[in-house]
Amino acid sequence: MGFNTIMLSPVMERAEDDYLGYDVTDYGALAQSYGSPEDFKKVIDEAHELDLKVVVDMPAVATDDYTALEAPEFNEIQTDYYADIDREIIDLNNADNQDTYRAMVQNFIDSYDVDGISMFINQDGLNAEEFLPEDIDTYGILSTEGLTAEGFDTIATEEFRADLAQTYGGINQELPEFPEDEQMIMADHWFSERFTYHAAEQNMFPGTRVQQLGNYLYAYQGPSAMTYGTEVAFNGSSYPEIHPQMDFRSDKEVIEYLESIAVVYRNHAIMQAPESETETILNEDGHYVVKYYTDDVDYILNVNNTAETESITFEQSAEEEGKVYSGMLIGDMIRPHDGEYIAVLDREETELYSVIEEAGFNNGYLYSALLVFGLFAIFIWVAARSRKYKAQRELEKNNK
C-alpha cells in the first residue's frame with residue numbers, strides 16, 4: 001500500500017494487564033509478548049530486507065529512575081488511560097531525567113538497530129535534542145492543542161490532526177491546506193478518536209472515506225502516517241473502545257485501491273521532491289485543487305470531497321501548448337478546447353493529472369490494425385467464395 005515505515009507501539013516490559021504498552025515496568029527489558037530479544041531483532045532485520053524502516057514509540061512513564069512531572073498535558077483519552085494504569089509522566093525538562101532517558105534510548109537503539117523513535121508529548125516547551133540521542137530519526141506527536149516542542153525531525157500537531165479527521169470524515173467541508181513546514185500529518189493515533197468514527201457518525205461509507213484520505217496523505221510532500229485499523233474501519237471515540245481487538249479483516253476494495261494509487265505516487269515521487277513547488281488553485285467546500293511544479297512535468301491534484309459532481313476550468317498557459325492533462329488514478333484525458341482545460345470529477349473522487357505532451361496517433365499501431373483487419377476481410381471474402389464455389393459444384397453434380 002505504499003508504506004515505507006512501520007511505527008510500532010511500545011515494546012518494553014509492561015504490566016500484565018496493560019495491552020497498549022505505556023505501563024512500563026522495565027525500560028531495559030523487552031515485553032514477553034514479543035518473544036526473545038533475538039525474535040525482535042529478526043523482525044527488524046526482515047523489515048529492513050523489505051526496505052522498510054522501523055520506528056518504535058518510546059513511552060515517558062516515570063519508573064523509579066525518574067522524577068515525575070507535576071502537571072502533564074493530557075487529552076481526554078490519555079487522562080482516562082493514565083488514570084486506569086495509575087502512572088505518572090517523566091519530567092523531561094529535568095536535567096538528571098534527560099541524561100538517564102537519553103542513555104536508556106541509546107541502549108535500546110544499539111541493542112535492536114531500530115531506525116527511529118517516536119513519542120507522545122505531554123509537556124510544553126520540550127527540546128528533543130536535550131533528552132534523545134543524535135543520529136536517529138525522531139517523531140514528536142502533540143496530543144493536545146496548544147503544546148509546543150522543538151528538536152524533533154518532524155512533529156504532528158493535534159490541531160491539524162483533528163481538522164483533517166473532521167473534514168475527511170465527512171464531505172462538503174473546506175479541507176486543510178497541505179502544511180508548508182513538513183510536519184507529519186495523520187488523521188488518528190493511539191490516543192485519539194478513530195478517523196472512521198466521523199464517517200460512521202455521518203452515516204457515510206468508511207471505505208470511501210479512507211480512499212479519499214489515502215490520496216491526501218500520499219500527495220502530501222512531507223511525512224504522513226496511517227494508524228493500523230484506519231483501513232479496517234475501526235470505530236470508537238473513547239478509551240478503550242478506540243482499541244478493539246485487531247482481527248485484520250480489512251476491506252479488500254480499500255486495500256486494492258490503496259495499492260493501486262501507491263504505485264502512481266511512487267512512480268511520480270518527484271512531486272514530493274523538496275525543490276518541487278505547489279500552488280493551491282481552489283479550496284472551497286470540499287473541492288480542493290493543487291498544482292505541483294517540478295523539474296520534470298507538472299501535476300494537478302483534483303479532490304472532489306463533496307456530494308455533487310464538480311468541474312473546474314483551467315486556462316491553458318503558453319507552457320501547456322500541445323499538452324494534455326492525463327489522469328493517472330481514474331484515467332481521465334483532458335484536451336484543451338478554445339484555450340481551456342475543463343476537468344469534471346464525480347462526487348467523492350480524486351484524480352491526479354500529469355501535464356504531458358499529447359502523443360497523437362500511434363501510426364505503427366494504426367497501420368498494424370489496418371493490416372490485420374484487411375487480411376481478415378480478405379480471409380472472409382476468400383472463404384465465402386470458396387463456399388459458394390463448392391455449393392455450385394455440388395449442385396452441378398446432383399443435376400447430372
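**View 1. Arg 335 and Glu 358 meet in a salt bridge.** In this predicted model, the side chains of Arg 335 and Glu 358 come together at 2.4 Å, N to O.

**View 2. Glu 348 and Arg 209 form a salt bridge.** Here the N to O distance is 3.0 Å. Glu 348 sits in the loop between strand E16 (340–345) and strand E17 (349–357), while Arg 209 belongs to helix H6 (residues 206–219). The two are 139 residues apart, so this pair also links distant parts of the chain. Are they buried or exposed? Both Glu 348 and Arg 209 are buried.

**View 3. Glu 193 pairs with Arg 161.** Their side chains meet in a salt bridge of 3.2 Å, N to O. Glu 193 lies in the loop between helix H4 (158–168) and helix H5 (195–201), and Arg 161 lies in helix H4, so the pair ties together parts that are 32 residues apart in sequence. Glu 193 and Arg 161 are each buried.

**View 4. Glu 158 joins Arg 161 and Glu 193 in a network.** Stepping back from the pair, you can find these three residues linked by salt bridges. Across the whole structure, a search finds 11 salt bridges.

How values were computed. Residues numbered from 1 in each chain as written. Predicted model: local features only at pLDDT ≥ 70, side-chain atom pairs only at ≥ 80, totals over all residues. Heavy atoms only, no water. Salt bridge = Lys/Arg side-chain N within 4 Å of Asp/Glu carboxyl O. Helix = DSSP H or I, 4+ residues; strand = E, 2+ residues; numbered from the N terminus. Buried < 20%, exposed > 50% of the residue type's maximum accessible area, 1.4 Å probe, protein only.
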